[in-house]
Amino acid sequence: MVYLYPRLLPAAASHLREEYLQRSVEYLCERSALSHPAMFYAATGGARLPEQRLGSLREAVLACAAERGYPAKPGRKQAAGFDIEVATILHRDSGIVPAEAVAGDLWAFLSLVVLPDVSLWRFTDLHHDRVLGTDVTRHVFGRLWWRAHLLYDEDGGREDLYASLSVLNESAFDQIYARRTSIGGSPHLVRAIVRVWQTLDVPPQAERKVLRDFLIRVLRLNAFISFDTLPADVLDEELMGVFQESLSVVVGV
Amino acid sequence: MAEWSLKSEEGDAVPLPAFIPDWDFQRDLSLETVVGVDLDAVRASTGLPHEAELALSVVWSSTGSGLRRLADRVRLLGGGTRSVQLSFTVIGRDSGGLLSLDTQLILAKALDNSDPTGARRAGSVLWHHRAGVRLQGDASQFPMAVVDFKNAGYPEKAPWYLDIGSNLEAATMGAVVLLVNSGTPVVLNALRRAEKASYAERLIQSAVRQDVVRLMIERAVADEDLTDASCFETDTLGHTLLGLLHTFLPGTSLTSLRMTRRTDPALFSAKIQHAVGLFSRET
């Protein structure tokens, strides 16, 4: 069964964000709720999510934060670990479907009504892209669901279906996801990029430049090559060739 | 290339329309087409040798989900003329918005092509055709959810139940939902079929529409805090209820409606039937 998630009207979301800007994590923990007067749902497409499931989701995400020092501010490593674990939980357990996951209002409800304390703990400035529905690719939780959706092993060949989440760091994945229409919309292509990236020996200081050069080359090729139609082994071979060109130009090997 | 066909819920294949207004993401779409390929002509015009492996594929992409996926792929070897059938199902929850179908003839494997202008990289597109279907309109839809009334504790044989919240300041899309009983498929199917509904189904739609309007007006009339001068923000329940009154019963004050409701409930009901046009568009 498809469950429809509650969404938050944009005006109410902006109002809540303003109200929460100068507050503490502890205060927002008290304000967390499973419903809001300005909540609404997609018109059709499934049954409304029972509140109990929303409560379980809050508990699971909160436990991830607590393991990493919540309510004390997380370090970089703790934040990265939280992101990977929550990406898995959101994608595996929430039941959110892609057609709903594009809706910023859904993510605004999660970040400002259900988990406002965790949102503030993770991004202390509550930047509007992080908590409103303005940019799902930057949203505190929305970006994690999409990262998991693009990277999980849907064929079920691996023991840990979400193992690929730890291959790329956030800024590297952002480079891919920023090219959403051309590259980031194709799970087949994104998974292949990560598969090939894992096999490369790129000097850490050159990683960002190599990936950037590689993505530019893929974009150029995308105009006359259909990467989506290639079987995984053929696609990996093609991408390996492109990576070698980038390594040669950027690192000189 | 033959035009795309859509398999209907009854199993018939119909030409893929430009717009499916009653689609929602619980509905998967089964699509098929046939493409004729003259392999010798393709090789001659693209500078590819006889041993080059080709493939005919279709990739769907959706503006609703932002996703793109390979839907079907058929390998093509040798020469002669081939008739290739492509068929697949697009899962509703992955889709939405504008669904594009890109049919492509590609070079399936990389090769050393002696022709400097010929394709050599795997995946090179030799021919391309795009079709599309719009799955959702821009108009907002009435919130509706399908529920098994027997298990959910509603009267088991009731086909629908309009759930209206008590807070007039709440968002309408969250405060109102039409629950439709999965145990009464005749009504459920009538609501799902929208513009493709049969005559009998259109009558059912009309009855539901009238009942929804009546219940919402009853809700407004029953709330003594609501007056003709009440002010609410756009998209709130209070705003919607007042808008409904002004649309269907223009020039009638809430006070006079309350009086009619109390003294002559049958007339009150008939006025709403008249205002909504119960069965009038169907006869």
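Predicted model: local features only at pLDDT ≥ 70, side-chain atom pairs only at ≥ 80, totals over all residues.

Mentor: Chain B holds an open sheet of four strands in the order E2-E1-E3-E6, with antiparallel pairing, where a strand is a DSSP run (E, at least two residues; helices are H or I, at least four) numbered from the N terminus, and two strands pair if DSSP finds at least two bridges between them. Residues are numbered from 1 along each chain as its sequence is written, with chains lettered from A and ligands numbered from 1 in the order in which they are written.

At the edges of the four-stranded sheet stand strand E2 (13-15) and strand E6 (81-90) of chain B, and because each has a single partner strand, one side of each lacks a neighbour in the sheet. On average, and with direction ignored, neighbouring strands here are turned by 30° against each other; such angles run from 0 to 180 degrees between N-to-C directions, with axes fitted as lines to C-alpha atoms, for helices over the stretch in contact. Strand E1 (residues 5-7) of chain B is joined to strand E3 (residues 29-38) of chain B in the antiparallel sense over two bridges, and B:Ser5 has B:Glu32 in E3(B) as its bridge partner. Across E3 and E6 of chain B lies helix H1 (residues 39-46) of chain B, which runs at about 70° to E3(B).

Chain B also has an open sheet of three strands, ordered E9-E11-E10, with mixed pairing. Its edges are strand E9 (144-147) and strand E10 (160-164) of chain B, each with a single partner strand, so one side of each is left without a neighbour in the sheet. From one strand to the next, the twist averages 25°. E10(B) pairs with strand E11 (residues 176-181) of chain B in the antiparallel sense over five bridges, and B:Trp160 stands opposite B:Val180 in E11(B).

Helix H5 (residues 199-222) of chain B packs on this sheet by touching E10 and E11 of chain B, at about 30° to the direction of E10(B); residues are in contact if their C-beta atoms, placed from the backbone, lie within 7 Å. The axes of H5(B) and helix H4 (residues 185-192) of chain B come within 9 Å and cross at roughly 90°. There, B:Val187, B:Ala190 and B:Leu191 in H4(B) meet B:Glu201, B:Ile204, B:Gln205 and B:Val208 in H5(B).

Note on methods:
Contact = placed C-beta atoms within 7 Å.
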